[in-house]
Amino acid sequence: MKFLDEYRDPTAVRRYVRAIAEITTRDWTIMEICGGQTHSIVKFGLDSLLPDKITLLHGPGCPVCVTPAELIDKAIEIASRPEVIFCSFGDMMRVPGTGKDLLSVKAAGGDIRMVYSPLDAVRLARENPHRQVVFFAIGFETTAPANAMAVMQAKQSGLKNFTVLVSHVLVPPAIEAILSSPDNRVQGFLAAGHVCAVMGYTEYEPIAEQFRVPIVVTGFEPLDIIQGIYLCIKQLEEKRFEVENAYSRVVNREGNRTAQRVMGDLFRVVNRKWRGIGEIPASGLGLKEEYKEFDAELRFGVAGKKVEEATECISGLILRGMKKPPDCPAYGTKCTPEHPLGATMVSSEGTCAAYYSYRRLAPLGKSESQRQKNG
Amino acid sequence: MCLAIPGKIKSIISDEPLSRTARVDFGGTIREVNLVCVPEAKIGDYVLVHVGMALSTIDETEAQQVFRYLREMEDLSESRESGDEIS
Ligand code: SF4
């Protein structure tokens, strides 16, 4: 396919790999933010092509993974109601709440539908005026315009039977939280290209400056990722700490102004709890007051619900780049994609699931704890 | 989750302000895509689509950037190497 296949050219990837080896003189640790990038890196084995001096850490950029258990519980409560058609992206179906997942509600007769787009859920609401249609609006900045558009269309059509359960998260506050942690090891970032397609990258400029980290806006294909890594290492070696755009076919500095306007009309910035990490101030989006009639939490009276998350899973440490999946005692034994204990095993973009699918129990690199032990 | 794929606009099927919609070809699969966020996009353009929304129009010149950069980088290191030999 045009604009995909050419960015998988192994020869060009190898030429970048060689160039990376030539410029790398020291140990560097960089983090890719986005789960889609983690998936590509592990799938194509890009990390195993890099010099030993370079460590890639996998970031918190999988919205499915970071959706807090209490929100899944709310989804389950709403989806169990007989009058509700609950619509969700497929990845959310098997994410465990504190007890069940959505799939088990469906098995017990709940009307749960996997949709490709939130706009499909609006169509369902139009077609089923006597049912309540609820869309599980999760995602980063990439998905926010579509979710906002769905609510706008519902309002314009005067739909009274459409609501959204919102769990939107934002990338820059997560990067700041990682960098502010006393045991942070990340020295450079690959920023998520599709988030930046919407938001541009001006938000990252003060972060790069304040924390002295290079941030390279990076795409998702192997060649995009390897170029992003090259540019990030080059900056580190040259002691530059700038925001650079390695995905200019899709991203420009200002982002998509129309999409930002659509989001801004609907959403406001709120504090948000991240699964495994906890609450990060001003790290999410919620519906504005004017749109509260579209808020599923209010319509179904689940707003106040709070739950504690299970402690066995170390996905919180994985999401912050402090551990890798093989460090978890449950990895591949008690916890597999068929029976996930934690969120990073559930979505194919979660770090644990990516390792499990492509590496099974024989990880290519040393595990994180071994690495630390060996100094 | 942030998966977004490029597709080519085949035809515009609605010009309503909140639902400007196109039929977009993804390597043979045709889907309806909301174009509200890419008002400049026209038939024949490639757009990057995520959950039914086009998020940007793909810049065909910039699409070569990753290859251009590689060539420039290698030319530079070759000229540096040959420079070393001379000195
Ligand atoms: S392997 Fe399972 S239990 Fe362990 S960190 Fe990953 S998701 Fe959590």
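**Sheet of chain A and its interface with chain B**

In chain A, six strands form an open sheet of mixed pairing in the order β4-β3-β5-β6-β11-β10 (strands pair if DSSP finds at least two bridges between them; strands, E, at least two residues, and helices, H or I, at least four, are DSSP runs numbered from the N terminus). Because β4 (112–114) and β10 (267–274) of chain A stand at the edges with a single partner strand each, one side of each is left without a neighbour in the sheet. The twist averages 25 degrees from one strand to the next. The model is predicted: local features need pLDDT of at least 70 and side-chain atom pairs pLDDT 80 or more, while totals for chains, interfaces and linings use all residues. Residues are numbered from 1 along each chain as written, chains are lettered from A in the order written, and side-chain values use heavy atoms, without hydrogens and water.

Strands β6 (residues 162–169) and β11 (residues 278–287) of chain A run antiparallel and are joined by two bridges. Val169(A) has Gly284(A) as its bridge partner in β11(A).

The contact between the chains (heavy atoms within 4.5 Å) takes 49 residues from chain A and 37 residues from chain B. The area buried between chain A and chain B (accessible area, 1.4 Å probe, lost on being put together, summed over both) is about 3800 Å², with 66% from carbon and sulfur atoms. Phe3(A), Tyr116(A) and Arg249(A) supply 17% of the area that chain A buries against chain B, more than any other three residues.

Two salt bridges are counted between chain A and chain B (side-chain nitrogen of Lys or Arg within 4 Å of a carboxyl oxygen of Asp or Glu). One salt bridge joins the side chains of Arg15(A) and Glu74(B) (2.6 Å, N to O).

Methods: Buried area is the accessible area (1.4 Å probe) that two parts lose on being put together, summed over both. Axes are lines fitted to C-alpha atoms, for helices over the stretch in contact, and angles run from 0 to 180 degrees between N-to-C directions.
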